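Please read it alongside the sequence and the structure shown here.

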There are 2 protein chains.
Amino acid sequence: MVKEDIFRSLKDDDRVLIRNGGEGSTDKAFTYLSGAVGGLFENSSIVAGKEGIKLYVYSLEEETAKATGLDLEVAGSVKQMNENLQRDLKGIRKIGLNYDSMTVNLFEETKKLLPGAEFFDVSKNIMEARMIKSAEEISRLQEAAKISSEIYSEILSSLKEGMKETEVAALMNYRMMQAGASGVGFDTIVCFGANAAEPHHSPGDRKLKKGDYVLTDYGAKYRDYTADTTRTAVFGRATAEQKEIYSVVYKAQSESMHMIKPGINGKLVNQKSYDVIDATKYKGRLMHGVGHGIGLDVHDHMAFGRSDFTIKENMAVTVEPGIYIPGFGGVRIEDDVLVTGQGYRMLTVAPPKDLLEA
Amino acid sequence: MVKEDIFRSLKDDDRVLIRNGGEGSTDKAFTYLSGAVGGLFENSSIVAGKEGIKLYVYSLEEETAKATGLDLEVAGSVKQMNENLQRDLKGIRKIGLNYDSMTVNLFEETKKLLPGAEFFDVSKNIMEARMIKSAEEISRLQEAAKISSEIYSEILSSLKEGMKETEVAALMNYRMMQAGASGVGFDTIVCFGANAAEPHHSPGDRKLKKGDYVLTDYGAKYRDYTADTTRTAVFGRATAEQKEIYSVVYKAQSESMHMIKPGINGKLVNQKSYDVIDATKYKGRLMHGVGHGIGLDVHDHMAFGRSDFTIKENMAVTVEPGIYIPGFGGVRIEDDVLVTGQGYRMLTVAPPKDLLEA
C-alpha cells in the first residue's frame, strides 16, 4: 500500500489530520486516504496514524462514508465535530497537516482548536504517495482512459458545419457519461480553427467551418479518477500546412513517449519534444510543459517540465506536446501512459499517425 | 460597483494581492476581480488597489486575459512571474491576501517572495463584496436559473423504467449545455427511490422502478455563475405517503421563502422550515441548512442556518428544505431567489404545488 508512505516519517504517537474546508477548499487527500467514492465531504476530517484511519463527517454524508468500511464518527453540528476532534487528538503532540491544501484561515482555526499541539507539513509525503498508483487506482485510470478513447470516432462523425464548440463539448460529455463515466474530470475544451492556438480556450459560440482544425482536450472521470487526452483533426480536407504541423507534433509526442521508463528524468522527456519542434520552422511554438501526472486530479503532479523530476514505476502521466500559431490554429496530441518496470504502456488508445479528416 | 468594497479599508498605497495556486487551489476572487470568463489561470495573480487592477498570467492564458481589457503582464516562466510581482510590489508595505483561499504553503512562499511586506487578511472584504450581486452578475444568474428550469419537463418525460441514475444525470447535463450553459455548476445529483434519503448521493447504477422517487439536484453554469435547483417527482403513481411528504416540504419551502426580505435574519428563514417540518410526524428529518448564497460558487456564502446572518438586497440565495427517511427516500425542493428592495423575486421557475408523477 503506497498510502503508508504518508506515515513513514511519523513516530508511533504522531497523527495526520486532514481537514476539508468548504466548497473549493476540500482536500483530495481526503478522497485518497478514505477511498470514499463520491460525496462532497465539505468540512469533514480524517485522523490517521500507523494504526488506522478514522473519518469525521456530518450526517449529510453518513451513508457515503459508511461505504468505506472505515472507523467513522458522525457529527450533527460544528460544535460536535470540533469536540470529537479535540477528544481524539487530546495528548497528541505532533500533528501533520497538508499545507498544500489547507487555507491560512483553516490553519489558524486548527491551531485554536488544538492548543499545545505542534504542527508539521505532510504535503510532500501525501503527494509522493499519490504519485505511485495502486492496482485499484490503475484500474480506475484505465477505465477512464478507455471511455475517453472510445467516444472519439463517433464524435468526429457527428461533426456538422455550423455546429458550435459548446455543442460538441456537450455531446462529448454526454457520450462519456453514457459510456460509464461518473462525470468529466475537467471542463471539456473544444477549439475550432484559430481558437486552437490558445491552449486553455473555453468552448464558445464559434461555428464549425470546412477546413477548421478541431482540437478536443477532455477526460472521463471514473470513480473519481480522471483521464486527460487531446486529439486534433480537421473538418473537411486538410491543407498541406495543417498536415505538416500535425506530423511534427506526432513525432514530438512519439519521441518523448518512447523515452519513458523508471529512472529517467522528466526534464529529458520534456526537452525531447522541444528539440523536435524547435528543429522545424515551428521553433518557439511549444510553450508549456509536455506532461503531468493524472489521478484524482487531472494535474495530479508535475512530471515533464524544466525542473528535475524522476519518473518511477506505476506513475500515470500524460504526454502532450503542441504547436500553437496565433491567428491560424494549433495542434496538440495528448495520451495517458502508465510507467511499467521496463518502460510504459498506453492507457488511452494510440493517436492516429496522420491527421484525421472528419 | 460592489467590488470597490474590497478596497474600502485600504490606505491609498495598500494593495490586494490575489495569488492562484495550481489545480484545485485557484481563487474564485481571481475570476471575481478580473471578470475573465473561462480560462484556468493556475498560478496567475492579481494586484489591485484603489487605482485599478492588473493581471499577471502565463502565456497559456494570454488571449483569455486580454479579453478582460485590464492591464496585463504575461510571463513565460515562474522566475519571470515572480520578478514581475516583486517589481510592482516593491515599496508596498501593507498587502492584503485572501486567507480563505490561499494555502499555507503558498502563504509561506509569498512571504519569501516579498520580504519586508506586512500581510493582512482581506477574505471578509472579498466575501462581503461577492454576496451583493451587480446587474451583470444578476443577469448571468438569471440565465443560469432559466436554463436549469427549462430543461426539467423534458427530462421527466424522458424517464423510462430501467434507466440508471447516471444516465439521467448525463442527459440533464447535455440538455443544459444544449440550452446554452457553459457547463454544470456542480456534479448533478440524481437519486432514485431510497437513495433520495441521502442529501449528497452520487448517481450510480440503480435502475429506475415504478413508484420510485426521482430527486434531481442540479444547476447550469452560465458565464461562470451557477444556478442550484432541486426537484422531486415520482416515476409512476405516487403513494399517499409520498404525496404527504412532498406537501410538507413544499409548505416549508413556501413559508421560508415568503419571509425573505432585506434586513431579516437568515436564522429565522431557516427556523421556519424546521418549524413546519418538526410540527409533523417527520420531525427531525430535516438536518441541513435551508439555503445558501449562489454566484461564482454554488455555495457562494452562508445564508440560512443556525448562525446570525442578515439578508440584504441583491443577494442571490437558494431555499431548499427537505425530508429524508433512510430506507424509504426523501424529498427536497430548492429554488433560487434574488433579494429585492421589498422582498424577493424568483430566478428559477416556481416548483409545482403537488408532487409530479412522471
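A cavity, as the word is used here, is a set of grid points where a 1.4 Å probe fits but cannot get out. By this rule, the count in this predicted model comes to one cavity of 30 Å³ or more. The points below begin with that cavity and then turn to a pocket, the cores and a sheet of chain B.

**Cavity**
- The volume of the largest cavity is about 30 Å³, and its lining is made up of Leu17(A), Ile18(A), Arg19(A), Asp27(A), Asn98(A) and Met102(A).
- By residue class, this lining of the largest cavity divides into three nonpolar, one polar and two charged residues.

**Second largest pocket**
- The second largest pocket holds about 320 Å³ of space, and among the 19 residues that line it, Gly35(B), Ala36(B), Val37(B), Ala67(B) and Thr68(B) are the closest to its centre.
- Helix 1 (28–34) and helix 2 (62–66) of chain B are the elements that give two or more residues to the lining of this pocket.
- The lining of the second largest pocket comprises six nonpolar, nine polar and four charged residues.

**Nonpolar cores**
- The largest nonpolar core has 48 residues, of which Val168(A) and Val168(B) touch the most other members.
- Both chains take part in this core, with helix 7 (152–158), helix 8 (165–178), strand 8 (189–192) and strand 9 (213–218) of chain A, and likewise helix 7 (152–158), helix 8 (165–178), strand 8 (189–192) and strand 9 (213–218) of chain B, each supplying at least two residues.
- Leaving aside residues up to four places away in sequence, Val168(A) touches Ile155(A), Leu159(A), Met163(A), Val190(A) and Phe192(A).
- As general background, nonpolar side chains in soluble globular proteins tend to be buried together.

**A sheet in chain B**
- Three strands of chain B form an open sheet in the order 7-10-11, and their pairing is antiparallel.
- Strand 7 (183–184) and strand 11 (225–226) of chain B stand at the edges, where each has a single partner strand, so one side of each is left without a neighbour in the sheet.
- Strand 7 of chain B pairs with strand 10 (residues 220–222) of chain B over two bridges in the antiparallel sense, and Gly183(B) has Lys221(B) as its bridge partner in strand 10 of chain B.

Key
Residues numbered from 1 in each chain as written. Chains lettered and ligands numbered in written order. Predicted model: local features only at pLDDT ≥ 70, side-chain atom pairs only at ≥ 80, totals over all residues. Heavy atoms only, no water. Core = buried A, V, L, I, M, F, W, Y, C linked by side-chain atoms within 4.5 Å. Buried < 20%, exposed > 50% of the residue type's maximum accessible area, 1.4 Å probe, protein only. Helix = DSSP H or I, 4+ residues; strand = E, 2+ residues; numbered from the N terminus. Contact = heavy atoms within 4.5 Å. 1 Å grid on protein atoms, 1.4 Å probe; cavity = no way out; pocket = protein on both sides within 12 Å on 5 of 7 lines; lining within 4 Å. Points joined across faces, edges and corners; volume = space filled by probe spheres on them. Nonpolar A, V, L, I, M, F, W, Y, C, P; charged D, E, K, R; others polar. Pairing = 2+ DSSP bridges.
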